[in-house]
Amino acid sequence: EPSMDDKPSLAPKPKTKAAVAAAAAPAPARTTAPLKKPPLAPPPQMIPLKPPPAHHYRQQRGSGAPRKRHRSGSGCSGRRVCCLATGFLLLALCLAVAAACLAYLCYHPRPPSFHLQPVSTTRFRVGNSSAVSAMDVTAAVKVVSWNPNDKIAFEYGDGEGRVSLADSDGDITLGWAPVGGFEHGARRVAVVGFVAAAKGVVVDEAVAARVRDGYRRRRLAFKVVVDTHMGVRVGAVRTGMVPVRLSCDDGVMAPRGVSAGSPMSRCQVYLLRMT
């Protein structure tokens, strides 16, 4: 009995010409299709943000660093004190202006007037020289003041008076002298006098010739300046002293044998001026 291993093998099928030609032909190259990018999605629409309400911002700000309440309190108290001080200052200013207006209406204050009497020279000598000349001059000055007020008096402190000789080439300083203080009562006339002396004042020959000629004709021109301090008194009330300058630029020389009717020149008063 024959076994399974003794089965005859099957003969291979003969290949056809088409199969042989297909096996001998080269395999065609594989082509890959190009990748397409996926379409981009449209950008999302941006919704504008609204600012938070003011109370919410204050709450967020307050929820951060703790605020120091004592500083705001001190700032408020400082502003309150400043406002009160400003109010009191304005009130005091208004009261002062009102008091000044009432005083003006009640007393009608008027400034005093000053006049310079003709300057007399007790000594006047001009040396003769071909180059320079020296002058020795002693001048007596008197200033007359009139207080036209009925209830107001003026007080003057100690001061200083200076005398100079007017010339076309420049003023020639003749000297200075102290002036004593005094009180000028209401509706009164006061006379203030001082004597200034100059010795050895050097001038050139042209100036000396003009001065000698003016002295002979009694036509010398003088300038007088008095620096002092002045205050006002109304009854028992006194004001502070303020600097005052008295300037007399049109002084004339006294004629020989001074008479009571000699013309006087008016002086100007400048407050708060000492330079």
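**Aromatic contacts and an annotated helical segment**

Arg-218 lies over the face of Tyr-215, 5.3 Å from the ring centre, where a charge counts as over a ring if NZ of Lys or CZ of Arg is within 6 Å of the ring centre and within 35 degrees of the ring normal. The model is predicted, with local features requiring pLDDT of at least 70 and side-chain atom pairs pLDDT 80 or more, while totals for chains, interfaces and linings use all residues. Residues are numbered from 1 along each chain as its sequence is written, and side-chain values use heavy atoms, leaving out hydrogens and water.

The structure holds three aromatic pairs (rings of Phe, Tyr and Trp, the last by its six-membered ring, with centres within 6.5 Å; stacked if the planes are under 30 degrees apart, edge-to-face if over 60, and tilted for the rest). The rings of Phe-114 and Tyr-156 are edge-to-face, because their planes stand at 85 degrees, with centres 6.3 Å apart. This pair links strand 1 (residues 113-116), which holds Phe-114, to strand 4 (residues 153-156), which holds Tyr-156, across 42 residues (strands being DSSP runs of E of at least two residues, and helices runs of H or I of at least four, numbered from the N terminus). Phe-114 is buried at a relative accessible area of 10%, and Tyr-156 is buried at 9% (buried, under 20%; exposed, over 50%; partly exposed, in between; 1.4 Å probe, protein chains only).

Phe-124 and Tyr-215 form a stacked pair, 4.3 Å centre to centre with 5 degrees between the planes. Phe-124 belongs to strand 2 (residues 120-126) and Tyr-215 to helix 4 (residues 205-216), so the pair ties together parts 91 residues apart in sequence.
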